[in-house]
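Welcome, and please open your viewer for a short tour. We will pick one selection after another and look at what is there.

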Amino acid sequence: MAEAKKLNSWCFVCGAENPQGLHIKKLRTEHGCRCDFTVERGWCGYAGILHGGIHAAILDEIMGDAVNDRLKTAVTLDMTIRYISPGREGMALVCEGEVASVSGRRAKARGTIREAATGKLISEATGHYLRVDVENLKERADGQDAAGI
Ligand SMILES: CC(C)(COP(=O)(O)OP(=O)(O)OC[C@H]1O[C@@H](n2cnc3c(N)ncnc32)[C@H](O)[C@@H]1OP(=O)(O)O)[C@@H](O)C(=O)NCCC(=O)NCCSC(=O)Cc1ccccc1
């Protein structure tokens with residue numbers, strides 16, 4: 001548990017130690033995971049509209065956390081996002097994720113981002129995840145660091 005916390009403490013989405021991070025606080029739900037957040041100016045791209053990459057980062061994190069409840073430690077293999085309505089600077093949003101299916105080491109998850117006040121759908125995603133051995137993942141990353149990759 002302490003090791004998992006250490007591995008996540010610099011997470012771009014939820015890591016408390018990352019000064020460049022989004023500092024999103026996640027909550028377990030009956031069906032998976034959720035977070036509530038407000039769009040900051042620095043998260044926007046064009047004209048005060050939430051950047052598509054930030055949608056992706058938050059959806060991936062929330063779906064991944066829902067999957068981790070079932071597969072322990074998984075990584076994203078792929079994800080697909082539909083951007084339905086712009087998220088705007090200052091808008092309060094809710095992201096929810098849940099596991100759609102599990103088969104062996106693999107899971108499929110789905111997630112949504114909605115406007116908190118109205119429930120209006122802002123974006124939705126599906127993703128595939130694969131259970132991995134954390135130590136192997138860490139060793140691989142350390143090896144790449146050593147090789148300057
Ligand atoms: C570890 C692995 C995914 C697989 O490598 P290895 O262990 O060497 O195993 P191998 O290559 O043998 O494959 C095993 C099986 O998987 C299949 N398969 C493989 N790739 C794909 C594919 N792309 N798409 C579809 N399938 C694929 C492959 O065909 C094989 O299938 P088989 O068993 O023969 O039927 C490696 O490619 C990797 O590290 N990728 C980067 C992942 C990464 O960085 N993700 C982002 C960071 S996570 C995050 O940020 C979010 C988060 C937040 C919170 C919580 C959770 C998540």
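Which residue follows α2, and is its phi positive or negative? Select K72: this residue comes after α2, and its phi is positive, near 75°.

Before going on, some ground rules. This is a predicted model, in which local features need pLDDT of at least 70 and side-chain atom pairs count only at pLDDT 80 or more, while totals for chains, interfaces and linings use all residues. Residues are numbered from 1 along each chain as its sequence is written, and side-chain values use heavy atoms, leaving out hydrogens and water.

Now select helix α2 itself, residues 52–71. Its 20 residues should span 28 Å at 1.5 Å a residue, and the end C-alpha atoms are 27 Å apart, which agrees (the expected span is 1.5 Å times one less than the number of residues). Of these 20 residues, 14 are buried, so α2 is largely enclosed by the rest of the structure (buried means under 20% relative accessible area, with a 1.4 Å probe and protein chains only).

Next, select residues 48–115, which UniProt lists as "domain: Thioesterase" in an unreviewed entry; such annotations may be inferred rather than shown by experiment. This stretch is 29% helix and 47% strand, and its end C-alpha atoms lie 16 Å apart.

Finally, show the whole protein, colored by secondary structure. There are 3 helices and 6 strands (DSSP runs: H or I of at least four residues for helices, E of at least two for strands). From the N terminus on, their order is α-β-β-α-β-β-β-β-α. Of the 149 residues, 36% count as buried.

Definitions and conventions:
Buried means under 20% relative accessible area, exposed over 50%, partly exposed in between (1.4 Å probe, protein chains only).
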